[in-house]
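This report describes the fold, the surface and the side-chain pairing of one protein chain. The sequence and the structure are shown first.

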Amino acid sequence: MRSGTDHAGAPAPAFLDTAEQQGVSPELLVPYLALTRRRLAEGSPEEDLAGVVDLFARPRPAGPTTA
C-alpha cells in the first residue's frame, strides 16, 4: 500500500489507495494528479483545483510531435 505524499506534496498515493479501496477506477485521478504536480511545480504549494483548471486556459508548452 502506498502512503504519504508524492514529490510535489500532493497526496497522490492516498487518493489512489482510496480509489482502489472503494473499487473506483483511477482513470480520471491519474491525469488530474499529473496536472496538480505540474501546477505545484509552476506555482505555490497552496494551489487548489482552480489553479489546475487554469492549465486548460493557456497553451501547453511545445513538445515532440507524433505522426
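Helices (H or I, at least four residues) and strands (E, at least two) are DSSP runs, numbered from the N terminus. The model is predicted: local features need pLDDT of at least 70 and side-chain atom pairs count only at pLDDT 80 or more, while totals for chains, interfaces and linings use all residues. Residues are numbered from 1 along each chain as its sequence is written, and side-chain values use heavy atoms, with hydrogens and water left out.

The table lists totals for the protein chain.

| Property | Value |
|---|---|
| Buried share of the 67 residues | 21% |
| Accessible surface | about 5100 Å² |
| Share of that surface from carbon and sulfur atoms | 60% |

Buried denotes under 20% relative accessible area, exposed over 50%, and partly exposed in between (1.4 Å probe, protein chains only). Accessible areas come from the Shrake-Rupley method with a 1.4 Å probe; for residues, only the protein chains shown count as cover.

The structure holds 1 salt bridge, a term for a side-chain nitrogen of Lys or Arg within 4 Å of a carboxyl oxygen of Asp or Glu. Its partners are Glu42 and Arg38, whose side chains meet at 3.6 Å, N to O. Both belong to helix H2 (residues 29-42), and because they are 4 residues apart, about one helical turn separates them. Glu42 is partly exposed, at 42% relative accessibility.
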